[in-house]
Amino acid sequence: MKTKIWILLAIAFGIWAFTPNRNISGTVLSSDDGLPIPGVTVLLKGTSTGTVTDVNGKYKIGVIDEKSTLIFSFIGFKTKEVKVGKKDTINVSLDYEAAALEEVVVIGYSTVRKSSLSGAVTKINGYGQDFPSFTPNVEQLQGRMAGVHIKPSYNKRKSERRPYESKTLFDKENNEEYNGLVENAFMEVKKDALTTFSIDVDRAWYSNVRRMLSDDIMPPKDAIRIEEMINYFDYNYPQPSAESKDPVTINTEYSDSPWNAGLKLLKIGIQAKKVETDKLPVSNLVFLIDVSGSMQDANKLPLVKKGFGLLVDQLREEDKVSIVVYAGAAGKVLEPTSGKDKTKIKDALEKLSAGGSTAGGEGIVLAYKMAEQNFVKDGNNRVILASDGDFNVGVSNEKELKALIEKKRESGVFLSVLGFGMGNYKDNKMEVLADKGNGNYAYIDNLQEAQKVFVSEFGGTLFTVAKDVKLQLEFNPQHVSAYRLIGYENRMLQNEDFNDDRKDAGEMGSGHTVTAIYEIVPFGVKSEYLKSIDKLKYQKVKSEKEELAMENSDEILTIKLRYKTPDASKSQLLQKVVFDKSVDFEKTSENFKMAAAVAEFGLLLRDSEYKGKANYDQVIHIAKEAKGKDEEGYRAEFIKLVKTAKLLVKSELADN
């Protein structure tokens with residue numbers, strides 16, 4: 001009996017001795033540029049108490065007393081220990097250490113890392129586990145948020161490493177699928193003066209790239225969708241005026257290409273009207289949730305529940321939510337419920353668990369049926385799909401899914417597609433659903449991204465203000481020899497599709513921005529990208545009067561935009577003329593510089609044949625100039641990702 005009492009007393013003393021009695025907070029910055037570092041592990045030395053910095057580099061942790069020591073560590077940086085003392089705020093700067101990248105190795109589908117605390121090897125199963133602020137043991141802490149801190153190695157020699165393919169990543173056990181893209185080439189204006197494409201508001205590829213780079217893995221170059229990387233960021237384009245009947249505006253900026261001397265960049269920015277939340281139409285939402293066995297991981301169904309919980313908090317009493325789930329079969333979990341009954345909706349979400357195969361097609365059919373049965377005229381009728389895209393029962397291949405969703409979009413119900421997880425992620429199927437379902441596509445890699453999609457961009461994610469938005473540009477051959485659209489490879493349209501209202505195109509939500517960049521070879525400028533061909537024998541020659549009219553014009557191109565209001569079948573036309581008024585790159589706006597920096601980064605990730613003298617240092621320099629206020633920290637995070645990519649490339653070159 002006495003022995004038991006002593007044991008209980010010892011346990012109680014241990015708990016008392018290591019119970020934090022004050023909180024320390026602060027920000028972790030890079031000593032190189034003073035920017036915040038997200039994902040830094042902050043550990044209370046001698047204990048298992050720890051946390052991780054948020055997207056703005058901020059942290060908060062409980063300590064025992066002023067003798068406590070905090071350990072700050074992040075891959076690629078030197079670990080630093082700081083004594084707490086009497087301070088309540090401790091800001092820390094970390095120094096770069098490229099050698100730190102070599103401490104991580106990969107074994108199969110697991111990651112091992114030599115612990116800087118004990119010298120032991122800690123095994124972390126899987127990738128990208130996303131935990132809240134917690135008190136783990138040391139091994140858990142080393143494995144926390146593998147997508148940020150514990151990273152697969154990139155220091156194997158090229159011959160030993162399994163490279164990304166355009167369709168399947170990793171190996172058969174860890175299988176991700178992406179559709180490969182052939183990047184747009186330069187088009188000569190005298191032969192192809194017109195170029196036509198659908199807008200794209202999807203942002204999925206950027207957050208997916210972030211996930212891969214945070215795991216120290218270079219993304220599959222043939223699958224890079226540069227337009228989704230550019231459009232991930234907010235650009236403060238002017239809103240449509242109150243007097244305007246059009247829900248969108250066209251904005252342009254023209255300057256030099258920083259990676260191809262002598263060439264120009266044309267940035268086109270489309271801004272959708274922002275509708276205040278209290279003026280948004282009534283919502284009829286159906287949450288379509290994949291609860292198959294592949295959704296068990298912490299960054300899948302558990303994150304789905306948290307994300308939808310954030311969305312539920314934004315709903316009003318007049319809004320309605322239904323829940324449909326699918327695994328081996330599909331079923332209703334929640335009948336239409338008022339947004340006022342938030343507890344009831346969240347309880348239904350919380351009871352979901354994962355298991356079984358994946359009958360995605362059956363789930364889509366049932367979700368659309370629910371949305372149609374509760375259709376709200378002039379309302380926001382939308383299915384929101386959350387899945388890893390691993391459909392394997394019934395309608396499951398891309399062709400079948402495309403046919404199914406094209407048929408369902410005629411109902412007037414829109415579709416938002418949300419991708420989750422890694423290892424078996426099927427981006428190719430998720431993108432098809434979003435492209436053909438009158439909707440948008442986002443990849444949720446952590447709770448902060450869920451906050452961005454469901455809260456910060458609530459209106460843009462859920463409320464369409466313009467659909468079937470297409471752009472057509474006509475270039476003036478007197479000023480432009482050739483042009484190339486950067487990105488949008490899977491959004492290109494035939495020129496005759498522009499005036500055909502039957503042709504599907506992209507949607508813009510409340511407050512959405514869309515940015516497109518054309519690289520231009522000005523008339524008279526020689527470029528390695530233009531190949532010499534013989535003059536055409538039967539080319540029509542313009543009259544002297546026509547030539548004179550063109551020479552006197554300082555118009556370099558005309559932009560045409562077509563859109564439909566959400567409930568219309570006939571499109572409206574907007575036009576804007578762009579004049580030959582280029583400004584020096586250094587004098588361009590932060591919007592222009594940020595878009596150019598992201599585009600250049602995309603060219604490097606693709607190893608584009610058009611990348612010219614693009615380099616990571618230049619991307620970082622331009623992005624720093626474009627950082628601006630950056631209240632949410634996304635532009636600072638971008639700079640960190642570019643630095644990570646630079647280190648990975650440097651590490652690979654050193655190995656070879």
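Thr337 counts as buried, because its relative accessibility is 3%, under the 20% limit for that class. The model is predicted. Thr337 is found in strand E19, which covers residues 330–338. The side chain of Thr337 reaches back to the backbone oxygen of Glu335, at 2.8 Å.

Helix H13 comprises residues 590–606. At 1.5 Å a residue, its 17 residues should span 24 Å. The end C-alpha atoms of H13 lie 24 Å apart, so the span agrees with expectation. The helix is mostly covered. Of its 17 residues, 16 are buried. Just after H13 comes Asp607, with a positive phi of about 55°.

Strand pairing was then considered in an open sheet. This sheet has three strands, in the order E4-E1-E7. Its pairing is mixed. Strand E4 (58–63) and strand E7 (92–94) form the edges, and each pairs on one side only. From one strand to the next, the twist averages 35°. Strand E1 spans residues 22–30. E1 and E4 run in the antiparallel sense and are joined over six bridges. Within this sheet, Gly26 has Tyr59 of E4 as its bridge partner.

Terms used. Residues numbered from 1 in each chain as written. Predicted model: local features only at pLDDT ≥ 70, side-chain atom pairs only at ≥ 80, totals over all residues. Heavy atoms only, no water. Pairing = 2+ DSSP bridges. Helix = DSSP H or I, 4+ residues; strand = E, 2+ residues; numbered from the N terminus. Axes fitted to C-alpha atoms, helices over the stretch in contact; angles between N-to-C directions. Expected span 1.5 Å × (residues − 1). Buried < 20%, exposed > 50% of the residue type's maximum accessible area, 1.4 Å probe, protein only. Polar contact = N/O pair within 3.5 Å; in protein donor to acceptor, adjacent residues only side chain to side chain.
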